Amino acid sequence: MSCNDDFDLDSADKRRTLWIVLWLNVAIAVGFFVVAYFADSNALLANGLDNSSDALVYALSLLALSRPRSWKRGAARFSGVMLLIFAGGVIADAVRRFVEGSEPGGFLMIAMAAVAGIVNLYCLRLLQKMQNKDVNMRAATTFSFNDFISNGGIIIAGVIVMITGANWPDLVVGIAVAGIALYGGIDILRDAHSDKHDEAGTVHGETRE
């Protein structure tokens, strides 16, 4: 089916796309957690938590498809808050590893990030094919884009770890992923707020009589 302005956002095509990206993110998250354990990597752990929150968002998106616009905004807000909480947890883990020390495995970091990058790019392309995305679907697209960028950072960090044997590249990327999630969460909350005004026909700071 070709994508055009008449694409039905609540159609079987949209539900199928969301189910695909949901299960792909679940699979990636499990892979990140397992490899993060063996690689002793904060960056991989960060991406595992990120993909877990993504999977939750896609599940909420599926529930929101046939719901009112206000319900979709609520799901998007929940997604944004989840990203903020996730970012705080990753930063705390990075601080712990900095204090206690860690020995990340560069090769495992590169291999896992490369596989995840391919999958995330596929998810991003699926989501970008949709026209006239609502606030919840815009949040889902933001997640997939953030994931793809994060995977590139892990690959770079893995190379540096292999060359230097230091753990700081892993920690830097882990914190960077948390920073991307922080920015994404704030952006999603702003989008949801703007969508509320758009539906009401108001602007920020304006009240209706």
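A residue counts as buried under 20% relative accessible area, as exposed over 50%, and as partly exposed in between (1.4 Å probe, protein chains only). Valine 35 is buried by this cut-off, because its relative accessible area is 19%. The model described here is predicted: local features need pLDDT of at least 70, side-chain atom pairs count only at pLDDT 80 or more, and totals for chains, interfaces and linings use all residues. Residues are numbered from 1 along each chain as its sequence is written, and side-chain values use heavy atoms, with hydrogens and water left out.

The protein chain holds six helices and zero strands. Helices (H or I, at least four residues) and strands (E, at least two) are DSSP runs, numbered from the N terminus. The order of elements from the N terminus is α-α-α-α-α-α. Of the 209 residues in the chain, 46% are buried. The chain exposes about 10400 Å². Carbon and sulfur atoms supply 65% of that area. Accessible areas come from the Shrake-Rupley method with a 1.4 Å probe, and for residues only the protein chains shown count as cover. A contact means heavy atoms within 4.5 Å. Among contacts between residues at least 6 apart in sequence, 79% join residues at least 24 apart.

Confidence is given by pLDDT, the predictor's score for each residue, from 0 to 100. The chain averages a pLDDT of 81, and 82% of the residues score at least 70. Confidence is highest in helix α4 (residues 106–128), at 90, and lowest in α2, at a mean of 82. Over residues 1–9 pLDDT stays under 50. For this stretch the model has 16 contacts beyond four places in sequence.

An unreviewed UniProt entry lists residues 20–39, 75–95, 107–127, 148–165 and 171–189 as "transmembrane region". UniProt positions are given in the numbering used here, feature names are shortened, and annotations may be inferred rather than shown by experiment. Two of the listed spans are described here. Residues 20–39 are 100% helix and 0% strand in the model, with end C-alpha atoms 28 Å apart. Residues 171–189 are also 100% helix and 0% strand, and their end C-alpha atoms lie 27 Å apart.

Helix lengths were compared with the expected span, which is 1.5 Å times one less than the number of residues. The 28 residues of α1 should span 40 Å, and the end C-alpha atoms of α1 are 40 Å apart, which agrees. Helix α3 has 32 residues and reaches 47 Å from its first C-alpha to its last, close to the 46 Å expected.

Valine 35 lies in helix α1. Beyond residues up to four places away in sequence, valine 35 touches Leu44, Leu108 and Met112. Valine 35 and leucine 108 are 73 residues apart along the chain, yet their C-alpha atoms are separated by 6.9 Å.

Aspartate 40 is found in the loop between α1 (12–39) and α2 (42–64). Just after α1, aspartate 40 takes a positive phi of about 55 degrees, although it is not a glycine. Aspartate 40 counts as partly exposed because its relative accessibility is 28%.

A search of the whole structure finds four salt bridges. A salt bridge is a side-chain nitrogen of Lys or Arg within 4 Å of a carboxyl oxygen of Asp or Glu. Aspartate 93 and arginine 96 meet in one of them (3.0 Å, N to O). These two residues are three apart in helix α3 (residues 69–100), so about one helical turn separates them. Aspartate 93 counts as buried, at 13% relative accessibility, whereas arginine 96 counts as partly exposed, at 37%.

Aspartate 93 also forms a salt bridge with arginine 97, with the closest N and O atoms 2.7 Å apart. Both residues lie in helix α3, four residues apart, about one turn of the helix. Arginine 97 is buried, as is aspartate 93. A further salt bridge links arginine 96 to glutamate 100, the closest N and O atoms being 3.0 Å apart. Arginine 96 and glutamate 100 are four residues apart in helix α3, so they too are separated by about one helical turn. Glutamate 100 counts as exposed, at 58% relative accessibility. Salt bridges that share partners join Asp40, Asp93, Arg96, Arg97 and Glu100 into one network. An α-helix has 3.6 residues a turn, so residues three or four places apart point the same way.
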